[in-house]
Amino acid sequence: MNHLFYLLSDPMLIVESDESLWSIRDVNQAFTAFSGFKKSDLITLDPSTIITTEDSGIAFEEAVIQLAEENAISPLLECKLITKASTPADVRMSCRKLQEADRIVYVIICKDLRESKWIDQYITQNKIMVSLIANDRYTILSLKHYYAPVQQPSSSYVNQSIFDLVAEHERGKLKRIFEYAKNNRTPETADFQLKLGDRYYSADAVIQPFYNGNRSFKNFVVILTSLHLHNQEEDPSYKLRMLMLSKNISVTSLAQSTLISLTTISKIRNGKIKKPQRLTAELIAGELGVRPETIWSSYKR
């Protein structure tokens, strides 16, 4: 069998029939990770014990033969793959028939539908702006926008880092939330500034991690539930960052000159503290050569 079979990212297996008895002849690495079973556990196993087509009202062997026909009316079939954890995973199955010497084998490709099904289910209960799938390196694999002010085709975001779309000062916080969701296997919520083109938006998101059958991490699904244009000119944290940048003053030097803790300065600069105490505001503004109300309009006299 071509080595490409073992390298492809889609879960694949090769099955054959001997007098109506079906067995698994080979699987690729993607299939063992997805299913959670070792290759040695799968070889010679009846494939219908892990791929069920009952919901489609057709037997496994009939599904394989029909999908493999060159002029198949429907070359794809939704079914379920039973993982080692006994959790049925929704997959879209396709099939190719190959002649090998004096026998026929079938290559079955299983496209994981869990992420897209989860997004579809979420949409039925909530209004969303954007949905995207990102891998463990935070690279966007797919993106779909619904009501969001996305200025480019969705495909132009594919293969970008998700952090390319996040305001720089928010990236550390958001990465920690991703890591927490991944390590704890729980959905998490996040709010951050999203950058689309030359505009910033206040975004609320739900982050859902997904895993393979062998319990290894697979992908993140990120759903943006709200997007609001962020007026940077009225944002105190943005004003503070711009003033510090223009005067070439670092967080550390500002903390040292004002005797305000580094943690407090960082929280004010990142917008976690929206309105500092009056004395704190005066010390920071004084060091930057402006009045407190220049940064925090709420202190206007």
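This report describes the cavities, pockets, salt bridges and one surface patch of a predicted model.

**Cavities**

The count of cavities of 30 Å³ or more comes to two. The largest cavity holds about 140 Å³ of space. Its lining is made up of 17 residues, and V130, L132, L165, L194 and L224 lie nearest the centre. Two or more lining residues come from each of strand 7 (130-134), helix 6 (171-184), strand 9 (188-196), strand 10 (199-211) and strand 11 (217-229). Strand 9 has the largest share of this lining, with three residues. By class, the lining of the largest cavity has 17 nonpolar residues, no polar ones and no charged ones.

The second largest cavity has a volume of about 30 Å³. The residues that line the second largest cavity are D235, P236, S237, I268, G271, I273, K274 and W296. Four of its lining residues are nonpolar, two are polar and two are charged.

The largest pocket contains about 700 Å³ of space. It is lined by 28 residues, and K111, E115, L141, K218 and N219 are the closest to its centre. At least two lining residues are supplied by each of helix 2 (29-35), strand 6 (103-112), helix 5 (114-125), strand 7, strand 8 (140-145) and strand 11. Helix 5 gives the most to this lining, with five residues. By class, the lining of the largest pocket divides into 14 nonpolar, seven polar and seven charged residues.

About 310 Å³ of space lies in the second largest pocket. Of its 19 lining residues, E168, H169, R241, M242 and R269 are the closest to the centre. Helix 7 (residues 236-246) provides the largest share of the lining of the second largest pocket, five residues. The classes in this lining are nine nonpolar, four polar and six charged.

**Salt bridges**

The structure holds 15 salt bridges.

| Lys | Partner | N to O distance |
|---|---|---|
| K111 | D10 | 4.0 Å |
| K80 | D90 | 2.6 Å |
| K218 | E115 | 2.7 Å |

The side chains of K111 and D10 meet in a salt bridge. This pair links distant parts of the chain, with K111 in strand 6 and D10 in the loop between helix 1 and strand 1 (12-18), 101 residues apart. K111 is partly exposed, at a relative accessible area of 43%, and D10 is also partly exposed, at 29%. K111 is also among the residues closest to the centre of the largest pocket.

A salt bridge also joins the side chains of K80 and D90. K80 lies in strand 4 (residues 77-82) and D90 in strand 5 (residues 88-100), so this pair ties together parts that are ten residues apart in sequence. K80 counts as partly exposed at 25% relative accessibility, and D90 is partly exposed at 22%.

K218 and E115 meet through their side chains in a salt bridge. Because K218 lies in strand 11 and E115 in helix 5, the pair ties together parts that are 103 residues apart in sequence. E115 is buried, with a relative accessible area of 3%. Both K218 and E115 are among the residues closest to the centre of the largest pocket.

A network of salt bridges links E16, R25, E100 and R103.

**Surface patch**

A nonpolar patch on the surface is formed by L4, L7 and L8, which together have about 310 Å² of accessible area. L4 lies in helix 1 (residues 4-7). This residue, L4, is partly exposed, with a relative accessible area of 48%.

Conventions: Residues are numbered from 1 along each chain as its sequence is written. This is a predicted model: local features need pLDDT of at least 70, side-chain atom pairs count only at pLDDT 80 or more; totals for chains, interfaces and linings use all residues. Side-chain values use heavy atoms; hydrogens and water are left out. On a 1 Å grid over the protein atoms alone, a cavity is a set of points where a 1.4 Å probe fits but cannot get out, and a pocket is an open set with protein on both sides within 12 Å along at least five of seven lines; lining residues have an atom within 4 Å of a point. Grid points are joined across faces, edges and corners, and a volume is the space filled by probe spheres set on the points. Helices (H or I, at least four residues) and strands (E, at least two) are DSSP runs, numbered from the N terminus. Ala, Val, Leu, Ile, Met, Phe, Trp, Tyr, Cys and Pro count as nonpolar, Asp, Glu, Lys and Arg as charged, and the others, Gly among them, as polar. Patches are made of residues with over 30% relative accessible area and no salt bridge: like charges are joined within 9 Å, nonpolar side chains (Val, Leu, Ile, Met, Phe, Trp, Tyr) within 5 Å. Accessible areas come from the Shrake-Rupley method with a 1.4 Å probe; for residues, only the protein chains shown count as cover. Buried means under 20% relative accessible area, exposed over 50%, partly exposed in between (1.4 Å probe, protein chains only).
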